[in-house]
Amino acid sequence: MEARLRAFAMPDHVLIFDTTLRDGEQSPGVRLNMDQKLEIGRALAAAGVDILEAGFPISSPGDFLSVQTLAAEVKGVTICGLTRAREKDIDVAAEALAPAESRRIHTGLGVSDNHLEHKLRMTRDEALEVGVKAVRHARRYTDDIEYFMEDSGRADRDYVCRVVEAVIDAGATTINVPDTTGYTTPGEYRELIAGLIERVPNSHRAVFSCHCHNDLGMATANTLAGVLGGARQVEVTVNGIGERAGNTALEEVVVALHIREDVYGITSRVETQRLLELSNLVSRHTGMIVQRNKAVVGANAYAHSSGIHQDGVLKERSTYEIIDPRLVGAAKSEIILTARSGRHGLKHRLAELGFRFGEDRFEAIYSAFLEIADKKSEIGDEDLRELVSADLI
Ligand code: KIV
Ligand code: ZN
């Protein structure tokens, strides 16, 4: 497999295809205005994403305008528009994408029997023919064509192989293998990607892309497994927002590739220091709050509250932190003072505030601290100032 991959000019990094403005914007309750989309698009381009899916141009005049505006205004990144496998969709997307420095048309349709029977009401052969025609039509506008096979995760593997071979022959250069329903496990998804690259005779002419949903909480794990299977593009959203339980989180994949390069052997081009800022921007504009314990960008991701952990981190950060907070643009690790904090954590915070005490005085402050901490979930700097100013001994 490796030799065949190298026969084609594969990217030397994992391509980051960001779909915050398309799949992410499909999150229930989210509606971004033009200025917000532009700000997010510019921030993503500045952070170094490779492809920016700006919307679904035929879906509404507003979406058409957003894609067109981003195509005109956001530079240094390929702008992509989604279409169904229909000529009219593709024509409209091509028009919206026309001002872009570099443009991609993302077309396709379902491949699982479930989608063919219940949604598309087509036979496998009919759907394959529709897909091939769509790719040929899209090639009239650009040679950067991505083909998505919706619900690949639940589809018949032999049929998916047939579709991939036919659409690559028709001119698709990226093959998107969506686990639309978040159904697969990491082992299955890796095997799906690796199997396609291995079995499809012309697979070396395309980049394979992971697009995973998070219904079972495995989107990031599946995407990373896809990279191990040979995928060289990942489709992600900031903070993992998206349909239902969301998509793979951009920040999780980028940091996992960075921290575990020993396992993946390849990283992305995204500037990790911009990740926290991106997360805050998207959260602010979408109104979707990031859970405190969210990996990589959550408020608690670099905070330590138990005495044992605080003692370890204060002696050597790596005892309990595998990610240096500065990697993602956070100032530093935080020591949160609670009833579970030990003497080391309290002494450290008091010293940061400029207070140093002898042994007896400190012990008295520590006892008083524990009494208050049993009543409050967190002890802040003001509480500490009050504590040390009280006459304790
Ligand atoms: O989840 C999915 O299958 C999609 C496709 C439209 C790419 O978002
Ligand atoms: Zn999706």
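Residues are numbered from 1 along each chain as its sequence is written, and chains are lettered from A and ligands numbered from 1 in the order in which they are written. In this predicted model, local features need pLDDT of at least 70, side-chain atom pairs count only at pLDDT 80 or more, and totals for chains, interfaces and linings use all residues, while side-chain values use heavy atoms, with hydrogens and water left out.

Let us begin with ligand 1. Which residues surround ligand 1? They are Arg-22, Asp-23, His-106, Phe-148, Glu-150, Asn-176, Pro-178, Thr-180, His-211 and His-213, where a residue is near a molecule if one of its heavy atoms lies within 4 Å of it.

I turn now to polar contacts, here pairs of N or O atoms within 3.5 Å. An oxygen atom of ligand 1 lies 2.7 Å from a side-chain N or O atom of Thr-180. For Arg-22, a polar side-chain atom is 3.0 Å from an oxygen atom of the ligand. The side chain of His-211 has an N or O atom 3.1 Å from an oxygen atom of ligand 1.

Next comes the zinc ion, ligand 2. What are its protein donors? Asp-23 (OD), His-211 (NE2) and His-213 (NE2) lie 2.1 Å from the zinc ion; donors are N, O and S atoms within 2.8 Å of the metal (3.2 Å for Na, K and Ca), and water is not among the atoms, so sites may look incomplete. Along the chain, the donors follow the spacing D-x187-H-x1-H.

To close, Asp-23 and His-211 both belong to the surroundings of ligand 1, and both are donors of the zinc ion.

Notes. A polar contact is a pair of N or O atoms within 3.5 Å; within protein, one must be able to donate a hydrogen and the other to accept it, and residues adjacent in sequence count only if both atoms are side-chain atoms.
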